Amino acid sequence: MRYWSYLSAKLLVAAAIPGGLYAGLAMMWPSRYLARDLAYTTAVGICFLIWSGLSCLCLLDQRYRCRVCLRRLRMPIETGSWSRMLLLGRPRTEYICTYGHGKLNVEEVQISGSEPPEWTPQAGMWEELSAASGPKTDGTER
Ligand SMILES: [Zn+2]
């Protein structure tokens, strides 16, 4: 829910900026004839391009965010190999949340149409590492 709320807020801000430009343009322009006045049509087209670009940036940014804490996913690791596909699988890039909430697998090549990236939640990703290096609570030596 938080993930989608954050995306909605970003898209609203991305729509408000060109919307404000368009409102200012509509107030200042003497004759507003879309598709008849070339300068006005060009200005409206530029507003549309700004809105499209900002929306794409929002979606691209959101794709690489943690679904739980909304931080940027880090540590991209390329896995798989085309030459050893039967052993290692298809090439993909794996991103993880540094706080251990999950990982995102992004296919390198979209063979059978557009495949959405696969988010895998991981409960306690770092507990195993921190348990191995942290102090033991039972008082015994390692
Ligand atoms: Zn996270």
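**Entry 1: contacts along the chain**

I started with contacts in this predicted model. I took the contacts with a separation of 6 or more and looked up how many of them link residues 24 or more positions apart: the share is 38%.

Buried residues make up 8% of the 142 residues.

**Entry 2: overall shape**

I compared the radius of gyration with the globule rule. A compact globule of 142 residues would come out near 14 Å, but this protein has 24 Å. I also looked up the box around the C-alpha atoms, taken along the principal axes, and it is roughly 85 × 45 × 20 Å.

Which residues belong to which domain? The domain assignment gives domain 1 as 2–63 and domain 2 as 74–132. I then checked the spacing, and the C-alpha centres of domain 1 and domain 2 lie 35 Å apart.

**Entry 3: helices and strands**

I counted the elements and got four helices and four strands. Reading along the sequence, I wrote down the pattern α-α-β-α-β-β-β-α.

I picked Leu21 to begin with, which sits in helix α1, residues 2–28. Is Leu21 buried or partly exposed? I found 16 other C-beta atoms within 10 Å of Leu21, so it goes down as partly exposed. It would have needed 20 or more to be called buried.

Leaving out residues up to four places away in sequence, Leu21 touches Cys47 and Ile50.

Thr42 has 10 C-beta neighbours inside 10 Å, so I noted it as exposed. How far is Thr42 from Cys66 in space? The two are 24 residues apart in sequence, and from C-alpha to C-alpha I read 38 Å.

**Entry 4: the sheet**

I turned to the strands. The four of them form an open sheet in the order β1-β2-β3-β4, and the pairing is antiparallel. Which strands are at the edges? They are β1 (74–79) and β4 (118–121), and each of these pairs on one side only. On average, neighbouring strands of this sheet are turned by 20° against each other, direction ignored.

A reminder to myself from class: strands of a sheet pair through backbone hydrogen bonds, either parallel or antiparallel.

I looked at the pairs one by one. Strand β2 (residues 92–96) is joined to β3 by five bridges. In one of the pairings, Ile96 has Lys103 in β3 as its bridge partner. The two strands form a hairpin with five residues between them. In that turn I found Gly100, with a positive phi of about 80°.

On to the next pair: strand β3 (residues 102–107) is joined to β4 by four bridges, and these two run antiparallel. Here I found Asn105 opposite Glu118 in β4.

**Entry 5: the core**

Which residues make up the largest nonpolar core? I listed six: Cys66, Leu73, Tyr95, Ile96, Cys97 and Leu104. Ile96 had already turned up in my notes as the partner of Lys103.

I followed Leu104 further. Not counting residues up to four places away in sequence, Leu104 touches Leu73, Tyr95, Pro117 and Trp119. Leu73 and Tyr95 are also on the core list.

**Entry 6: positive phi without glycine**

Last, I checked backbone angles. Leu70 is not a glycine, yet its phi is positive, about 65°. I located Leu70 in the loop between α2 and β1. Leu70 is partly exposed, because I count 15 C-beta neighbours inside 10 Å.

Met75 is not a glycine either, and it has a positive phi of about 50°. I found Met75 in strand β1. Is Met75 buried or exposed? Met75 has 10 other C-beta atoms within 10 Å, so I wrote it down as exposed.

Note on methods:
Residues are numbered from 1 along each chain as its sequence is written. This is a predicted model: local features need pLDDT of at least 70, side-chain atom pairs count only at pLDDT 80 or more; totals for chains, interfaces and linings use all residues. Domain bounds come from an automatic or database domain assignment. A residue is buried if 20 or more other C-beta atoms lie within 10 Å of its own, exposed if 12 or fewer, and partly exposed in between; C-beta atoms are placed from the backbone. The radius of gyration is taken over C-alpha atoms; the globule rule is 2.2 Å times the number of residues to the power 0.38. Two residues are in contact if their C-beta atoms, placed from the backbone, lie within 7 Å. Two strands pair if DSSP finds at least two bridges between them. Axes are lines fitted to C-alpha atoms, for helices over the stretch in contact, and angles run from 0 to 180 degrees between N-to-C directions. A nonpolar core is a set of buried Ala, Val, Leu, Ile, Met, Phe, Trp, Tyr and Cys residues joined through C-beta atoms within 7 Å.
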